[in-house]
Amino acid sequence: SQSRYSVKAFTQDMVFNRGPTGAVRYFQRGLNSLGQNLAVDGRLGPKTLAAIGAVEPKALMRAASLAQLEDERRMAERNPARRKFMAGLENRIRNRLSTFGSI
């Protein structure tokens, strides 16, 4: 289906930029914000997979994007040298969401 393709492409882009563990952590944080109850451990196990199947794909993509954006902002607050990258990171996150999350 089209939404399955969208989630796959969204996930591939996130994994490319944050690695598999980082991407799974953002998905887990996003899933938790959608009412799931997961450990944020970066492992794609049966509980995380079941939670992914229990939520609407667009909602998950939005929630994972917000989780990443919040994390990037926290890292920039802790490390001022990262601040120069924030505009590009925010654009990347928003572009990923608008490209894949609107299908």
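This is a predicted model: local features need pLDDT of at least 70, side-chain atom pairs count only at pLDDT 80 or more; totals for chains, interfaces and linings use all residues.

Visitor: How much space lies in the largest pocket?
Guide: The largest pocket holds about 200 Å³ of space.

Visitor: And which helix gives the largest share of its lining?
Guide: That is α1, with seven residues of the lining. Both α1 (2-33) and α2 (46-53) supply at least two residues each.

Visitor: Which residues line the largest pocket?
Guide: The lining consists of Val7, Lys8, Thr11, Val15, Ala23, Val24, Phe27, Leu44, Leu49 and Ile52. By class, eight of the lining residues are nonpolar, one is polar and one is charged.

Visitor: Let us turn to Ala51. Where is its place?
Guide: Ala51 belongs to helix α2.

Visitor: Why does Ala51 count as buried?
Guide: Ala51 counts as buried because its relative accessibility is 3%, and the cut-off for buried is under 20%.

Visitor: What is Ala51 in contact with, beyond its neighbours within four places in sequence?
Guide: With those neighbours left aside, Ala51 contacts Leu31, Gln36 and Leu38. Leu38 lies 13 residues from Ala51 along the chain, and their C-alpha atoms are 8.3 Å apart.

Visitor: Now Glu72: buried or exposed?
Guide: Glu72 is buried, because its relative accessibility is 0%. Glu72 sits in helix α3, which spans residues 57-78.

Visitor: Which residues does Glu72 touch?
Guide: Not counting residues up to four places away in sequence, Glu72 touches Arg18, Tyr26, Arg82, Met86, Leu89 and Ile93.

Definitions and conventions: Residues are numbered from 1 along each chain as its sequence is written. Side-chain values use heavy atoms; hydrogens and water are left out. Helices (H or I, at least four residues) and strands (E, at least two) are DSSP runs, numbered from the N terminus. Buried means under 20% relative accessible area, exposed over 50%, partly exposed in between (1.4 Å probe, protein chains only). Contact means heavy atoms within 4.5 Å. On a 1 Å grid over the protein atoms alone, a cavity is a set of points where a 1.4 Å probe fits but cannot get out, and a pocket is an open set with protein on both sides within 12 Å along at least five of seven lines; lining residues have an atom within 4 Å of a point. Grid points are joined across faces, edges and corners, and a volume is the space filled by probe spheres set on the points. Ala, Val, Leu, Ile, Met, Phe, Trp, Tyr, Cys and Pro count as nonpolar, Asp, Glu, Lys and Arg as charged, and the others, Gly among them, as polar.
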